[in-house]
Amino acid sequence: MSTNLALFERAQRVIPGGVNSPVRAFRAVGGTPRFIRRAEGAYLFDAEGRRYIDYIGSWGPMILGHGHPAVLEAVREAAGEGLSFGAPTEREIELAEEILKLVPSMQQLRLVSSGTEAAMSAIRLARGATGRAMLIKFEGCYHGHADALLVKAGSGLATFGNPTSAGVPAEVVQHTLVLEYNNLQQLEEAFALHGKAIACAMIEPIAGNMNFVRAGLPFMKRLRELCSQYGALLVFDEVMTGFRVGLRSAQGLYADQLPGFQPDLSVFGKVIGGGMPLAAFGGPREVMQQLAPVGAVYQAGTLSGNPVATACGLATLREIQKPGFFDALSASTRSLVDGLSQAARAAGVPFAGDCEGGMFGFFFADALPQHYSQVMATDKERFNRFFHGMLERGVYLAPALYEAGFVSAAHSRADLDVTVAAAAEALRA
Ligand SMILES: *Cc1c(COP(=O)(O)O)cnc(C)c1O
């Protein structure tokens, strides 16, 4: 049997950093990543045979837990019929219909293979549809690794962003304006200065890539108004929140509180693929009709709408629509966050947590952060110690303080209790 350490060393010889996506390497928290051999329900099992309660859920998709029987059955059946055709299938229509039924802001969508691809394509579409180049993104929101989105704020609103990755030419991000999340004043100023040049503003409505930060209602309301006023498209990146925070996704939550609220375009991924590579972007028919082959905005994909991935996504979406699904999931997540909060209070550790549906976040801080620099100012040393304390006790949290956590329908009361007990110990240690 190989140890995690032996596998990590072997992996580093053939794969940069030993991983195929950076955060998996545990760089933020230190230590050896666990190499996962298999997963079942709420649990991951590593190469050394150790079991962990999984609060990453493949970074969001595994809302039913691992190996849900209905999903596995659908995947097996689809695989038996063929892995990929590069031609249209009825199942793609079914998946599109299923998603559109639950997201009234969209009349059409296109399927792609990753969230990165969906966000990138949505931006091209927004630019094509408006005939404008500029886009607004908010610091701490992640929309995949397309060039135009790997950008941090320049100095002041009159200047544009700087690349956050080598290999991204400054010219490529010169149309991207980066604003602070939840900062109304910056938003006003940015639209006053550039409004008529802005193609779209892209936002994670509940940011899950800076742990868990909600866009406040007044902020979201004003963002919607300014986009409409200046003819820019409001793009909701719901790759993480979609069908995860509720059946109507984050946009449903905002619509509950801001009557008539809708984004113009939406981007989905993660849960809609149920663990297979599948994502989507969509919006009103007249905007979506700008896409090739109907319109002039080019976008394509060899594996887009893959028959096995669509079967997996469809089976997942059908399960989460069963009566009471989100009530039960929300109650589990809430009880976890409450339990962690009580454990922290008993240990005298500052703690602030929040959750929605099956997504949660917590900070070692007195209050919930409202934007990225507040997130990064929370207690990182304590988070890292807590992360390892939990891992040693068989609880697998995301290995960085800027990541959200996920609870699945497979997490039992006992799993949550074990987790809270582990936290109480880890926080006292
Ligand atoms: C995960 C994520 C993406 C990128 O999706 P990939 O499938 O990893 O390319 C984009 N936006 C958000 C909000 C995400 O959480």
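Student: In which sense do strand 16 and strand 18 pair?
Tutor: This is a predicted model. In it, strand 16, residues 359–363, pairs with strand 18 in the antiparallel sense, over 2 bridges.

Student: Which residue of strand 18 stands opposite Phe 360?
Tutor: That is Gly 405.

Student: What packs on that sheet?
Tutor: Helix 10, residues 325–347, which touches strand 15 and strand 16. The direction of helix 10 makes about 180° with that of strand 15.

Student: And what is the strand order there?
Tutor: The order is 15-16-18, in an open sheet of 3 strands with antiparallel pairing. Strand 15 (352–356) and strand 18 (405–406) have a single partner strand each, so one side of each has no neighbour in the sheet.

Student: What holds paired strands together, in general?
Tutor: Strands of a sheet pair through backbone hydrogen bonds.

Student: New topic. How many strands are in the sheet with the order 1-2-3-17?
Tutor: There are 4, and they form an open sheet with mixed pairing. Its edge strands are strand 1 (36–40) and strand 17 (395–396), each pairing on one side only.

Student: How many bridges join strand 2 and strand 3?
Tutor: Strand 2, residues 43–46, and strand 3, residues 51–54, pair over 3 bridges in the antiparallel sense. Phe 45 has Arg 51, in strand 3, as its bridge partner.

Student: Which strands does helix 13 lie across?
Tutor: Helix 13, residues 413–428, lies across strand 2, strand 3 and strand 17. Helix 13 runs at about 100° to strand 3.

Conventions. Residues numbered from 1 in each chain as written. Predicted model: local features only at pLDDT ≥ 70, side-chain atom pairs only at ≥ 80, totals over all residues. Heavy atoms only, no water. Pairing = 2+ DSSP bridges. Contact = heavy atoms within 4.5 Å. Axes fitted to C-alpha atoms, helices over the stretch in contact; angles between N-to-C directions.
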